[in-house]
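Please read this report alongside the sequence and the coordinates. It begins with the overall make-up and then turns to selected sites.

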Amino acid sequence: TTLEGHSAAVMCMCMSGRGQLVSGSVDHSVRIWDVAAAKAVSSLQAHSRSVHCVCTHELDAGAPYGHGSDVVFSGSRDHSIKVWDLRTNKAVADLRGHTGSVTCVGAYQWQLASGAGFNRAMDNDTVLSVDSTIRLWDMRKMQSIWVKEVPAPPGGTAHPKGDPVLCLQLLHDKILTSHGGKDWTARVWQVGR
């Protein structure tokens, strides 16, 4: 089965708790798909540049929009993370703090972790700078509560200002990351330290 609807390359996807496919694209949109019917049921539009990562999560009662709210988090080359309420298909929050492309997001309970990478010019090729930070967000307050700069590996040939974050996984009190400098590193971070 082929799912058609995006007008440019699909950069990321995941499955929601409701069994729907969520995809993010270079066309700046996030789409929600009914896989059985092979059609898009929603197109979420609020990013101004390509969407590089998506994840879904069911927030608990401490979240601003109530118990059992299914949300999608989308990270973009526009340096933002959008929080989408799937009941309304609206962006309910715009998380800012990264200075490069948001390359990965992961959720656990009321926390969201995000990682960033290169800040590219509008030609999508020229690297202007690198944001090699990992952030932890409190979804009850919709704010960043922890930031860690990823240093370049000792003696390595990575970008001189840090090691871009390619992917991450948030586990209770740890964040696992992999990095895309020329030396390809993986790290385990203790949250709060």
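What follows is a report on the fold, one hairpin, the charged pairs, one histidine and a surface patch.

## Basis of the report

This is a predicted model, in which local features need pLDDT of at least 70 and side-chain atom pairs count only at pLDDT 80 or more, while totals for chains, interfaces and linings use all residues. Residues are numbered from 1 along each chain as its sequence is written, and side-chain values use heavy atoms, with hydrogens and water left out.

## Overall make-up

The protein has 17 strands and 0 helices, where helices (H or I, at least four residues) and strands (E, at least two) are DSSP runs numbered from the N terminus. Of its 193 residues, 49% count as buried; buried means under 20% relative accessible area, exposed means over 50%, and partly exposed lies in between, with a 1.4 Å probe and protein chains only.

Among contacts (heavy atoms within 4.5 Å) with a separation of 6 or more, 41% are between residues 24 or more positions apart. The accessible surface comes to about 9100 Å², and carbon and sulfur atoms account for 51% of that area; accessible areas come from the Shrake-Rupley method with a 1.4 Å probe, and for residues only the protein chains shown count as cover.

Strand β13 (residues 133-138) and strand β14 (residues 143-149) run antiparallel and are joined by 6 bridges; two strands pair if DSSP finds at least two bridges between them. Within this pairing, Ile134 has Lys148 of β14 as its bridge partner. The two strands form a hairpin with 4 residues between them, and Met142 in the turn has a positive phi of about 55°.

## Salt bridges

The whole structure contains 5 salt bridges, each defined as a side-chain nitrogen of Lys or Arg within 4 Å of a carboxyl oxygen of Asp or Glu. One of them links Asp138 and Arg140 at 3.2 Å, N to O; Asp138 counts as buried because its relative accessibility is 3%, whereas Arg140, at 39%, is partly exposed. Another joins Asp85 to Arg87 at 2.9 Å, N to O, where Asp85 is buried at 4% relative accessibility and Arg87 is partly exposed at 49%.

Asp173 and Lys174 also meet through their side chains in a salt bridge of 3.6 Å, N to O. Here Asp173 is partly exposed, with a relative accessible area of 29%, and Lys174 is partly exposed as well, at 32%.

## The surroundings of His6

His6 lies in the segment before β1 (10-15), and this residue counts as buried because its relative accessible area is 16%. Its side chain makes polar contacts with the side chains of Ser23, at 2.7 Å, and Asp27, at 3.1 Å. A polar contact is a pair of N or O atoms within 3.5 Å; within protein, one must be able to donate a hydrogen and the other to accept it, and residues adjacent in sequence count only if both atoms are side-chain atoms.

Leaving aside neighbours within four places in sequence, the residues in contact with His6 are Ser23, Gly24, Ser25, Asp27, Ser29, Arg31 and Trp33.

## A nonpolar surface patch

Leu171, Leu176 and Val188 form a nonpolar patch on the surface, with about 230 Å² of accessible area together. Leu176 belongs to strand β16 (residues 174-179) and counts as partly exposed, at 30% relative accessibility.

Definitions and conventions. Patches are made of residues with over 30% relative accessible area and no salt bridge: like charges are joined within 9 Å, nonpolar side chains (Val, Leu, Ile, Met, Phe, Trp, Tyr) within 5 Å.
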